[in-house]
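The sequence and the model are shown first.

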Amino acid sequence: MPTAFWLSHPPTRRLPTVSDKPWGGVFESATDERVEEFTESVSFDRRLYEHDIRGSIAHARMLAEVGILTADERKQIVSGLTAIGDQIAAGKFPFKRELEDVHMNIERALVEKIGDVGRKLHTGRSRNDQVSTDFRLWVRDEIDAIDKRLKILQHAFISRTEKDAGVILPGYTHLQRAQPVLANHYWLAYCEKFERDRQRLADCRKRVNQLPLGTAAMAGTTMPIDRELVAKELSFEGLVANSLDSSSDRDFAIEFAFCLSLVATHLSGWAEEWILWATIEFDFIKLPQQFCTGSSIMPQKINPDVLELIRGKTARVDGNLTSLLVLVKSLPLAYNRDLQEDKERVFDSADTVRACLELAAPLAAGADLKRESIEARLDHGYLDATTLMEHLIHQGVPQRTAHELIGKLVSAAMKRGERLSDLPVDFFKSAHELLDESVYEVLGVENAVKAFCSTGSTNPTKVEEQIAVWKDRLRD
C-alpha cells in the first residue's frame, strides 16, 4: 500500500496493547498497525513450524537436564509443543500477524495452553539463535530431499543405457558438429554433472549442520546451558563457535542457494539441448506427450513447455542467489532485521528446483531417440576428421602438420560433396605417403567411436565400464 495512502488514511481498528508483544516491556506506545503489516514474517516463515517445535523441545529437555526446568515443567512444555504441532499440521492453528513470526505464535500458544511454565522456555536463547537453528534444520532437510531427487534423475539417465545401447550421436562444440559420441556416453555426462551437484550439497550440509542455539542474541548467555546436549538431540555435527558470528551468519543459506543455482543451471542446459533435439531441424528425440502441451491456435503443435519452464525457472533461482548476496553485502555485526528477507528467497529456490527435478526424471526416462533420423544424417559434418588426423599422428607426423593436411582433405571432400570414407585410396596416397588403405579402419562414425581409447572417452568398452560403475554407485 503506498505511503501517501497510509498518511492520509490512518488505521481505525484498535491497536494491540503493549503487553501483546514479547519485547514490549520498555515500550510506552503500541505498534502502529502499518508497522505490523510491514514487519510480519509469519505469512511465509510458518513453514518452519516443525523445525521450531523440534528445536524448542530439544531446548526444553536441555533446560531440564541442567536444572533450569523441573521434570514436570519439561513434560508440560514438550506435551504442549507437540499438541501445537499437531494443530498446525491439521490446519487448525490461528496464526496471528501481530505476533510477527512463527516462533512467537508458537510460544504464545504454549503460554496460553500451559500458563507461566511456557514463559520459561525462552530461557538461555534469543530469537536470533532460535531462527538460525530452525532455518538450518529446514535447510538440512531440504538438502536431503533434493539429493534424493538428484539420485532419481541419475537413475533415469542410467535406465536409458540399455535401450540406447549402440546409438551414436553427433557431438557438438560451438553448436557445430564435432565428433561422434555414444548416446550412453552423453547420458553419463549428465550423471557426472548431477553427481557434482550432490557432492556440493553434501559438503554444504556439513556447514549447515552446526548448532547456533545457545549463542543467544549475540554475546552468549549467563545461564548454565549445555549446547552439546542440544546438538546431540538435534543431530548437529558441531557447535557454531562464536556467538557474535552466529546471529549474523547466513553463509549456510547463501551456499545452499548457490548449490541450487548450479543444479538449476545443469537442468537448464539439458533442457535447452532437448528442446533443440525435439525440433524438426534436429529431429533427434521424441518427447513423452504427457510432458508437453499444445497450441491454442495451431492444432499440429506439440510444445516442450516443461523443458522450456525448467530452462526459464533457472532465472529465478539465479536471481534469488543474487538477492541473497546483495542482502548481506554490507551488514555490520551482529543481527540485523534485514536478514528476515533471506527465507523467501531460499524457500523459493528450493521449491523451484524440487519441482523441476520432480518432472525432469520421468521426462528423461520417457523420451525416445529417433534412431532412423539420427542415422540418416550421422555422416554429415565430417565427424571422423579428428580420428583420421590422429591416425596420421600415430604414423609419426607432427600434430600441427597432420591437422593442416586433414583439413585440406576435408575441404576437397566438401567440394566433391563426399564423405571422407567415400574418397578413393589414391586420393589419400597423393595427399601423404603414410596414408594408405588403413585409413578406412578409422573412417566412418562407427570406426571413429571404436578408435577412441583414453580413459573417460566414448569408446564402447570404456562406456560400458562406466555404466557398470554408475549402476553400482546408485544401488545404495
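The text below treats the domains, then one histidine, and then the salt bridges.

**Domains and the boundary between domains 2 and 3**

In this predicted model, the chain is divided into domain 1 (33-120), domain 2 (127-164 + 173-225 + 236-370) and domain 3 (384-469). The C-alpha centres of domain 2 and domain 3 lie 41 Å apart, and the contact between these two domains involves 9 residues of domain 2 and 14 residues of domain 3. Together, domain 2 and domain 3 bury about 920 Å², with 70% of that area on carbon and sulfur atoms. Strand E2 (176-182) and helix H8 (183-208) each supply at least two residues of the side of domain 2 that touches domain 3, and the residues of that side divide into 4 nonpolar, 4 polar and 1 charged. As for specific pairings across this boundary, the count is 0 salt bridges between domain 2 and domain 3, while 1 residue pair is in polar contact, with both residues at pLDDT 80 or more.

**The surroundings of His103**

His103 is placed in helix H6 (residues 102-114), and with a relative accessible area of 1% this residue is buried. The side chain of His103 makes a polar contact with the side chain of Asp52, at 2.8 Å. When residues up to four places away in sequence are not counted, His103 touches Asp45, Asp52, Gln130, Val131 and Asp134.

**Salt bridges**

Side chains of opposite charge can pair when their charged atoms come close.

| Salt bridge | N to O distance |
|---|---|
| Arg97 and Glu33 | 3.8 Å |
| Asp368 and Lys163 | 3.2 Å |
| Asp422 and Arg419 | 3.0 Å |

Arg97 counts as partly exposed, at 27% relative accessibility, whereas Glu33 is buried because its relative accessible area of 18% falls under 20%.

In the salt bridge between Asp368 and Lys163, Asp368 lies in strand E6 (residues 368-369) and Lys163 in the loop between helix H7 (127-159) and strand E1 (168-173), so the pair ties together parts that are 205 residues apart in sequence. Asp368 is partly exposed, with a relative accessible area of 37%, and Lys163 also counts as partly exposed, at 37% relative accessibility.

The side chains of Asp422 and Arg419 likewise meet in a salt bridge. Here Asp422 counts as partly exposed at 35% relative accessibility, and Arg419 counts as partly exposed at 36%.

Beyond these pairs, Arg47, Glu142, Asp351 and Arg354 are linked in a network of salt bridges.

Methods
Residues numbered from 1 in each chain as written. Heavy atoms only, no water. Domains from an automatic or database assignment. Contact = heavy atoms within 4.5 Å. Buried area = accessible area lost by both parts, 1.4 Å probe. Salt bridge = Lys/Arg side-chain N within 4 Å of Asp/Glu carboxyl O. Polar contact = N/O pair within 3.5 Å; in protein donor to acceptor, adjacent residues only side chain to side chain. Helix = DSSP H or I, 4+ residues; strand = E, 2+ residues; numbered from the N terminus. Nonpolar A, V, L, I, M, F, W, Y, C, P; charged D, E, K, R; others polar. Buried < 20%, exposed > 50% of the residue type's maximum accessible area, 1.4 Å probe, protein only.
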